[in-house]
Amino acid sequence: MDCVDIITSRTNPKVKQARALRQRKERDASGLFLVEGISHVAAAVEAGAAIEYICHAPDLLTSPFAQGILTQATARSIPCYPTSTEVFASLAEKENPSGLLAVVRQPQLKLPTLTPSSDSWFVALVSPQDPGNVGTILRTIDAVGASGLLLLDGGADPYHPNAVRASMGALFYKPVVSAAFAEFAAWAKANGCHIVGTSAHASDDYRTATYERPLILLMGSEQKGLSPEQMSICDQMIRLPMEGKVSSLNLAVATGVLLYQMMIPRRE
């Protein structure tokens, strides 16, 4: 790699920009987001994500694997800026940072660009509030081989650092699209998608239901679930049985349970 002067000032423009991306308003305005950590940056590089630049702390980044990431990035003509340990600590969200961080451009995907095939299956979340849940669900989507994630009527930012971290790199391989619920409903109908909603009061147990594709698993928000209007567009309603004292499951856990059940027809 070419020799580059080490950034030692926290007021360096790249450092200031990266730090500002902790805030959603800056991510929305710039179309950029942060990826922090060796494994996460490695996933972005390997996936060919639109990386604007990488910041790294040479004193922290000593493993051959980490050095290999920088070599790959340089081969792709991605700017790599070394920083002092102190400057990098001002960028890192966690204590004991790994020494590697990337600024990445958000994909600009729109719902009409997705064309479901006869074997497609998506997850649609209505106004999710927890970015960690969004990232975990995206990770599960990748694990089961589902097609992508649809975020409806706002909610948590899929490019929040917690969401990026929880996705474990799935964010770089699976499409994530935001849309209004009305747009989603029209798109799903036009593409012949079978929409499956969830409710504690549904009559069909998720283990005995039949899942037709193209399929969309529609999940309500953590607090409110699906509204009557949202349930009205569903072709099928299913429930997760609750045998204990708790009344509900975490959104990411419930979605994961359902996705693995829906995966069964593909394995047969």
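Reply: Start with Val 246, which is found in the loop between strand E11 (236–239) and H10. Helices (H or I, at least four residues) and strands (E, at least two) are DSSP runs, numbered from the N terminus. This is a predicted model, in which local features need pLDDT of at least 70 and side-chain atom pairs pLDDT 80 or more, while totals for chains, interfaces and linings use all residues. Residues are numbered from 1 along each chain as its sequence is written, and side-chain values use heavy atoms, leaving out hydrogens and water.

Me: Val 246, buried or exposed?

Reply: Val 246 counts as exposed, because its relative accessibility is 54%. The cut-offs are under 20% relative accessible area for buried and over 50% for exposed, with partly exposed in between (1.4 Å probe, protein chains only).

Me: Which residues form the nonpolar patch with Val 246?

Reply: Met 242, Leu 249, Val 253 and Val 257 form that surface patch with Val 246, and together they have about 380 Å² of accessible area. Areas come from the Shrake-Rupley method with a 1.4 Å probe, and for residues only the protein chains shown count as cover. Patches take residues with over 30% relative accessible area and no salt bridge; like charges are joined within 9 Å, and nonpolar side chains (Val, Leu, Ile, Met, Phe, Trp, Tyr) within 5 Å.

Me: Now the inside. How many residues has the largest nonpolar core?

Reply: That core has 54 residues, and Ile 51, Ile 54, Leu 125 and Leu 149 have the most contacts inside it. Its largest share, 6 residues, comes from helix H10 (residues 251–262). A second, separate core has 21 residues, among them Leu 150, Val 177, Cys 193 and Ile 216. A core here is a set of buried Ala, Val, Leu, Ile, Met, Phe, Trp, Tyr and Cys residues joined through side-chain atoms within 4.5 Å. In soluble globular proteins, nonpolar side chains tend to be buried together.

Me: What does Ile 51 touch?

Reply: Leaving aside residues up to four places away in sequence, Ile 51 touches Ala 44, Val 45, Arg 76, Ile 78, Ala 102, Val 103 and Val 104. Contact means heavy atoms within 4.5 Å.

Me: Which residues of helix H3 are buried?

Reply: In H3 (residues 38–47), the buried ones are His 40, Val 41, Ala 42, Ala 43, Ala 44 and Val 45. They pack against strands E1 (32–36), E2 (51–56) and E4 (100–105), and also against helices H4 (64–75) and H7 (161–167). Just after H3, Gly 48 takes a positive phi of about 75°.

Me: Change of topic. How many salt bridges?

Reply: The count comes to 7, taking a side-chain nitrogen of Lys or Arg within 4 Å of a carboxyl oxygen of Asp or Glu. One of them joins Arg 27 and Asp 157, with the closest N and O atoms 2.7 Å apart. Arg 27 is in helix H2 (residues 24–30) and Asp 157 in the loop between strand E6 (148–152) and H7, 130 residues apart. Both Arg 27 and Asp 157 are buried.

Me: And what does Glu 93 pair with?

Reply: Glu 93 meets Arg 165 in a salt bridge, at 3.1 Å from N to O. Glu 93 sits in the loop between helix H5 (85–91) and E4, and Arg 165 in helix H7, 72 residues apart. Glu 93 is partly exposed at 38% relative accessible area, and Arg 165 is partly exposed at 24%.

Me: Why is the pair of Phe 33 and Phe 172 stacked?

Reply: Because their planes are at 20°, with the ring centres 6.4 Å apart. Phe 172 is in the loop between H7 and strand E7 (176–179), 139 residues from Phe 33. Ring pairs link Phe 33, Tyr 159 and Phe 172 into a cluster. Phe 33 is buried at 1% relative accessibility, Tyr 159 at 7% and Phe 172 at 16%.

Terms used. Phe/Tyr/Trp six-rings, centres within 6.5 Å; stacked < 30°, edge-to-face > 60°.
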